[in-house]
Every structure is written in structure tokens, then in C-alpha cells.
2 protein chains.
Amino acid sequence: MNKQRGLLIVLSGPSGVGKGTVRKELFTQPNTNYEYSISMTTRAPREGEVDGIDYFFKTKEEFEGLIHAGGLLEHAEFVGNYYGTPLAYVNETLDAGRDVFLEIEVQGAAQIRAKAPDALFIFLAPPSLTALQNRLEGRGTEPADVIAKRVATASQELEMMSLYDYVVENDEVQHACDKINAIIKAEHCRRERVEKRYLSMLKGE
Amino acid sequence: MNKQRGLLIVLSGPSGVGKGTVRKELFTQPNTNYEYSISMTTRAPREGEVDGIDYFFKTKEEFEGLIHAGGLLEHAEFVGNYYGTPLAYVNETLDAGRDVFLEIEVQGAAQIRAKAPDALFIFLAPPSLTALQNRLEGRGTEPADVIAKRVATASQELEMMSLYDYVVENDEVQHACDKINAIIKAEHCRRERVEKRYLSMLKGE
């Protein structure tokens, strides 16, 4: 059987829905068999965030240099900062037959949807907009005006759900992780992904 | 939130692939939250099979009466016997918001595909045709000429994989069950299934 290219898994959703928390929980679990692609950003590290683990933290000049060199799979500007995905790591890992997991903003996800239609798109959704606001306030990392801007943006971002393959409600982190792992397992059984390889294997037995 | 209609889950695959074994294992597990729809057949019970548990065993006349009365969701003739799914139980269970699980022959699955395109179709596939023949011989319930006929039929039935949403290889019963449960969990998160309900809930919070 030929080696199959890995699956590109994109987790996104409105700002503040808890993408980072869910992603961290997924990667602390022992059965994760996909690789995390660390994003690049120009925003300042939050308390406890480490360069090369949570993000690659870059200056605006460094980031714009990469954009112009074509070194990013996607990038987006959000609340005054750049976020993006380094291209080389993603391609090398997929070519080696391993799945790559991205956790990105919705603008970036829309770019990947256009470039890689066979990727797997998972939208993490809040139980309600009130829950989203409470979560941002509880995080305590941003002033009220930034939070208000984030909630307004999130409300628009919910409309982008229609570009995604799956919607996972982040009611509890563990529930969301269980669903995401089930989706990835199921997606490897999608008929379009396996049919050709399977029938040729059966005939050539 | 309005009560959502249940999901109709169809497990099928070539004769002898082990559909019954996988289905029994699924329903011995504690977390199964879907209802099994017992099929109806005119074939003789195998050793250990119980009427009303493994199948509803009927005479040819009884079965044909139900066909004419429109009382079957699907039916098929296979190696000289009828197999079918009683319609009333399926509709009542789906209307109550519970998922229904069918384990049926590929002819019947094709009929449901035409009638209920939003059902979930899972194709159980053998690791190889040799493995299938060995499995039928090991079962020891049929003479050599019936087995030869079954393997020839199975080879044709593999072509019907293209009608299905998912393909699950029955290499080991527990692997197959894990994949089927992941597929059902994932399918409940498919964007087309949840988007409308989700957005109206968010707006009406």
C-alpha cells in the first residue's frame, strides 16, 4: 500500500472561544497521533507563554519578510497583530504521512479552505455569546474595550461556520476534545479518502 | 432548542465480512446510545440464534405480505432468502430523537440510500478476499458451494463501497467498533446537521 499523505486538521473558531485551551488539552493526552504546528505571531506573549512552544514570537518586520517570501501557509491580522502558519513544517510533516494539527484564527482558516479543500475544518463554537464574554472577562488579560471588540468580532465570526466541516461546542474542554478526536478518527475512514487505495489493495492481494 | 430527529445509521458490507459479530460487540458495550433495529428474515436460524433478538424469523408468505403492505423500509433477497427492516419501529424511534442502527445486506442499503440520503452509511470491509473466504470456512455453517457463491458475490459487493460515506476495515472486531463509534460521534458534529439549529440558538439566547 502506498504511503498516504497526512491529513491537515484545522481547528478554528471565534476569538476567545477557548481554542488554545482545547488544543493544549488535546496535546497532553497520550493517544494524540498528530503533530502540532506552532503558529507565529507578532503579539506580545501572555503570562506563562513560551517562545517556540505556544507561539513563535516575531517582530512585525520579521513577519512581513516571511509573508513576502511566501513562507506562510496562511496569515491574518487580528486586533492589530499578525498570526500565521509557517509553510515548510506543514508540508514536510504531511509528506511524511503524518497528520498536522493547526489552531488558527478564522481569517487564516478561510485562506486554507481555498488552498487545501481536502483539509479537515473544525469550528469550535461557544455555548452562547454571553458565555464567550464571561470567558474573556474571566481570563483577565485584556481591558474592557478590547473585550467588547472581541465579542463583536466573534459574533461576525460565527457566520463563518458555514465554511467548516464540523462544529464542536466548547461546553466542557474534555467533551470538546473527545469530539475532536472522534472526528479525526472518523475522517480517516471517509470513503473518498480510502476507497481507491482500498480497492487496489484488495485486487492486488 | 427543538428536538432533533434521530440519525439513521446503516452498517453493511459484503456477505461474510462479520457485520453480525461487529454489531453484537457494539451492543454489548455500555456507552451505546443508539437503538438496534432487529431485521426480519426467512432464512433458518443458525445455531444459537434467537427469534426477536438476532432476527424476527418469518415464513416466506408472512414476509411477502409485509412487502405488499409497505411495511418494510428495505428488503433484499440473498442466497434464496428474504431479509428486511420493519418500517414502523425505525420511524417511531427516529421521531423520538433517538438514533437507529441497522445491520443489513448491501442490496437493502442501496434502497435506503435512495430513500433517506441523510442517513449515515458505513461499509464494513474485509482486510482481503482471502480473509473473507477463511472466515466463512471457519464459521462452518455452510457447504463449500455456498461459500464459493458467497465469495463471488462479496467480490461484486465490494464495488458498492462507492455508495457509502465511510469504510471501516474489519481487521479486529474491537478496532472496527472503535471506528464505528467515532464515526457516529463525529457525524453528530457535521456542520450541515447542526448549523441551523446552532445559529438560531445562539441568536435567541
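Colleague: What makes up the contact between chain B and chain A?

Modeller: The contact takes 35 residues from chain B and 35 from chain A, where contact means heavy atoms within 4.5 Å. This is a predicted model, in which local features need pLDDT of at least 70 and side-chain atom pairs count only at pLDDT 80 or more, while totals for chains, interfaces and linings use all residues. Side-chain values use heavy atoms, with hydrogens and water left out.

Colleague: What area is buried between chain B and chain A?

Modeller: About 2,900 Å², with carbon and sulfur atoms giving 61%. Buried area is the accessible area (1.4 Å probe) that two parts lose on being put together, summed over both.

Colleague: Which element gives the largest share of the side of chain B that touches chain A?

Modeller: Helix 8 of chain B, with nine residues. Helices are DSSP runs of H or I, at least four residues, numbered from the N terminus.

Colleague: Why is A:C177 called buried?

Modeller: Buried means under 20% relative accessible area, exposed over 50%, and partly exposed in between (1.4 Å probe, protein chains only). A:C177 has 0% relative accessibility, so A:C177 counts as buried. A:C189, at 5%, counts as buried too.

Definitions and conventions
Residues numbered from 1 in each chain as written. Chains lettered and ligands numbered in written order. Helix = DSSP H or I, 4+ residues; strand = E, 2+ residues; numbered from the N terminus.
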